[in-house]
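Subject: Structure for you to look at

Hello,

Here is the structure I promised to pass on. Have a look at it first, and then read my notes below.

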Amino acid sequence: MSTATGNTAVSARYHNNFLKEVEANVEDGEWVKMCMQCGVCAGSCPLGPHWEHTPQKLFMMIRAGKREEVLKSDSMWMCTSCYNCMARCPRKLPITHIVHGLAAYAHQVGLARKKQSTRFFSVLFWNNCVKTGRLNELKLTMGLYFKDGFMAGLKQAWIMRDSGRQLMMAKRLNPFELFGGHRCKDAKGITAMLKTARQIEEQQQS
């Protein structure tokens, strides 16, 4: 099933009750209705002025049924996991968890902005790790450098050449990692574990 088809099916299932959809599919989503709109989370966030919609506004929009506006926003991807909001929330809402859950759900149903930089890095990082069970830093870096094209990648590599050379001298960067790279002893076991975790998650949401 494509993400577009899946998104249509999920949207229809909840009959425009976006709050119920969030409660059922987003980590700690059942806490959204507990927000009293005090704005402490927004005032505590170091990136607050740069959010398209601050956390308490996102929660208000969820309760107002503004599904497309929330899931297509890049606000959730702005979170740096500093946990200031959670530490200061007078109702102790797990705001950071909800925000990351919204980002993951937006990606899952295919509504996340394709060119949002944090989303791009998250997907690249995840795909890099799950294939071998370990992070291949060289391939991750190359993926970031060349995301805007071959020439842009060469330009960025040239800009970072001194850092690259120092990493090689410190044996933290091995050019041959590009052709294979280290992997965990049981990569198939990692794949099976992640598959089982996904199945359990889907069963809990059904």
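**What I found**

Buried residues make up 33% of the 206 residues in the protein chain. Please keep in mind as you read that this is a predicted model.

**The overall picture**

The protein chain has 12 helices and 0 strands, so you can read the order of elements from the N terminus as α-α-α-α-α-α-α-α-α-α-α-α. Along the principal axes, the C-alpha atoms fill a box of roughly 55 × 40 × 30 Å. Of the contacts with a separation of 6 or more, 61% are between residues 24 or more positions apart.

As for the surface, the accessible area of the protein chain is about 12900 Å², and carbon and sulfur atoms account for 58% of that. On the charge side, there are 29 positive and 16 negative side chains. The centres of these two sets lie 4 Å apart.

**The core**

Which residues touch the most other members of the largest nonpolar core? They are F59, I62, V70, L71, I95 and L102, in a core of 32 residues. Helices α2, α4 (55-63), α5 (67-71) and α7 (95-108) each supply at least two residues of this core, and α7 gives the most, with 7 residues. As a general background, nonpolar side chains in soluble globular proteins tend to be buried together.

Leaving aside neighbours within four places in sequence, I62 is in contact with F18, L19, V22, V32, V70 and L102. Two of these partners, V70 and L102, are named with I62 in the list of core residues that touch the most other members.

- L58 is found in helix α4. This residue is buried, with a relative accessible area of 0%. Not counting residues up to four places away in sequence, L58 touches W51, H53, V70, S75 and M76. L58 and M76 are 18 residues apart along the chain, and their C-alpha atoms are separated by 8.9 Å.
- L167 is found in helix α11. With a relative accessible area of 40%, L167 is partly exposed. Apart from neighbours within four places in sequence, L167 is in contact with R172 and L173.
- L178 has its place in the loop between α11 and α12. The relative accessible area of L178 is 37%, which means that this residue counts as partly exposed. Beyond residues up to four places away in sequence, L178 touches L138, K139 and M142. L178 and I159 are 19 residues apart in sequence, and 20 Å apart in space from C-alpha to C-alpha.

**Cysteines**

How many disulfides does a search of the whole structure find? The search finds 0. C129 is in no disulfide either, and the nearest cysteine sulfur, that of C184, is 10 Å away. Is C45 buried or exposed? C45 counts as buried, because its relative accessibility of 19% is under the 20% cut-off.

**Two backbone spots to check**

Most residues other than glycine have a negative phi. Two residues here are worth a look against that background.

D28 has a phi near 60°, a positive value in a residue other than glycine. D28 lies in the loop between α2 (18-25) and α3 (40-44), and at 22% relative accessibility D28 counts as partly exposed.

K171 is not a glycine, and yet has a positive phi of about 60°. K171 lies in the loop between α11 (161-169) and α12 (187-205). The relative accessibility of K171 is 77%, so K171 counts as exposed. L178, from the set of leucines above, also has its place in the loop between α11 and α12.

That is what I have for now. I look forward to hearing what you make of it.

Best wishes

Definitions and conventions
Residues are numbered from 1 along each chain as its sequence is written. This is a predicted model: local features need pLDDT of at least 70, side-chain atom pairs count only at pLDDT 80 or more; totals for chains, interfaces and linings use all residues. Side-chain values use heavy atoms; hydrogens and water are left out. Helices (H or I, at least four residues) and strands (E, at least two) are DSSP runs, numbered from the N terminus. Buried means under 20% relative accessible area, exposed over 50%, partly exposed in between (1.4 Å probe, protein chains only). Contact means heavy atoms within 4.5 Å. Accessible areas come from the Shrake-Rupley method with a 1.4 Å probe; for residues, only the protein chains shown count as cover. Lys and Arg count as positive and Asp and Glu as negative; His and the chain ends are not counted. The place of a charge is taken as NZ of Lys, CZ of Arg, CG of Asp or CD of Glu. A disulfide is a pair of cysteine sulfur atoms within 2.5 Å. A nonpolar core is a set of buried Ala, Val, Leu, Ile, Met, Phe, Trp, Tyr and Cys residues joined through side-chain atoms within 4.5 Å.
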